[in-house]
Amino acid sequence: MHALKTRIDRVLGMLIAAVFAVLVACVVWQVVSRYVLGTPSTVTDEMARFLFMWVGLVGAAYTLGQRRHLAIDVLPLMLSGRNAQLLAALVMLLIAGFAAVVMVYGGLQLVDKTLATGQLSPALRIPMGYVYGAIPFSGAMIVFYCGFFLVGLARGETPDTPAGDTPGGPLD
């Protein structure tokens, strides 16, 4: 299971880096075309918006997988032992439930309906269903990571230590 998570981490990391590089290139070209050439590019404006959505959603899933997401940890810090594990399991189940119902199920319905209607983006002329595909894809990755962490909790791993990190390491 750890090998699969490592591979998914690597693929998502490379995907995020590649999309971010293209996003930066689009924004740089947008600035150059607008202020240097005097004719703003409509294609890069739209592409940058779509890529930003993909980076944000896939990046959120990746960050959850690295246990580096933003969290309010007042209650978890007050608990220890079994109670901390139960709270961590509840939080993971709530996150997985939201991701499964809203992001995967709802996102797939959105993608399906958008592709069925043939809606195209104004400048790029690509099916909007592909753009909205970031929602169910990210949701599926979130569900995977939650499942991975729930299995770890069931095996007795501590909820506050990211997989592979040791307390007192460089991130503490």
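Does S138 count as buried or exposed, and at what relative accessibility? At 1% relative accessibility, S138 counts as buried, where buried means under 20% relative accessible area, exposed over 50% and partly exposed in between, computed with a 1.4 Å probe on protein chains only. The model is predicted, so that local features need pLDDT of at least 70 and side-chain atom pairs count only at pLDDT 80 or more, while totals for chains, interfaces and linings use all residues. Residues are numbered from 1 along each chain as its sequence is written, and side-chain values use heavy atoms, with hydrogens and water left out.

S138 is found in helix 6, helices being DSSP runs of H or I with at least four residues, and strands runs of E with at least two, numbered from the N terminus. Leaving aside residues up to four places away in sequence, S138 touches L57, V58, A61 and M103, a contact meaning heavy atoms within 4.5 Å.

The axes of helix 2 (residues 42–65) and helix 6 (residues 134–154) come within 8 Å and cross at roughly 5 degrees; axes are lines fitted to C-alpha atoms, for helices over the stretch in contact, and angles run from 0 to 180 degrees between N-to-C directions. Helix 2 and helix 6 are therefore roughly parallel to each other, a term for angles under 35 degrees, with over 145 counted as roughly antiparallel, 65 to 115 as roughly perpendicular and the rest as oblique. Helix 2 contributes M53, W54, L57, V58, A61, Y62, L64 and G65 to this contact, and helix 6 contributes A134, I135, F137, S138, M141, I142, Y145, C146 and F149. These residues divide into 15 nonpolar, two polar and no charged, with Ala, Val, Leu, Ile, Met, Phe, Trp, Tyr, Cys and Pro counted as nonpolar, Asp, Glu, Lys and Arg as charged, and the others, Gly among them, as polar.

Within helix 2, the buried residues include F50, L51, V55, V58, A61 and L64, and what covers the buried residues of this helix includes helix 1 (2–35), helix 4 (81–117), helix 5 (128–132) and helix 6.

Helix 2 is followed by R67, which is found in the loop between helix 2 and helix 3 (74–78) and has a positive phi of about 55 degrees although it is not a glycine. R125, in the loop between helix 4 and helix 5, also has a positive phi, near 60 degrees. R67 is buried, with a relative accessible area of 18%, whereas R125 is exposed, at 51%.
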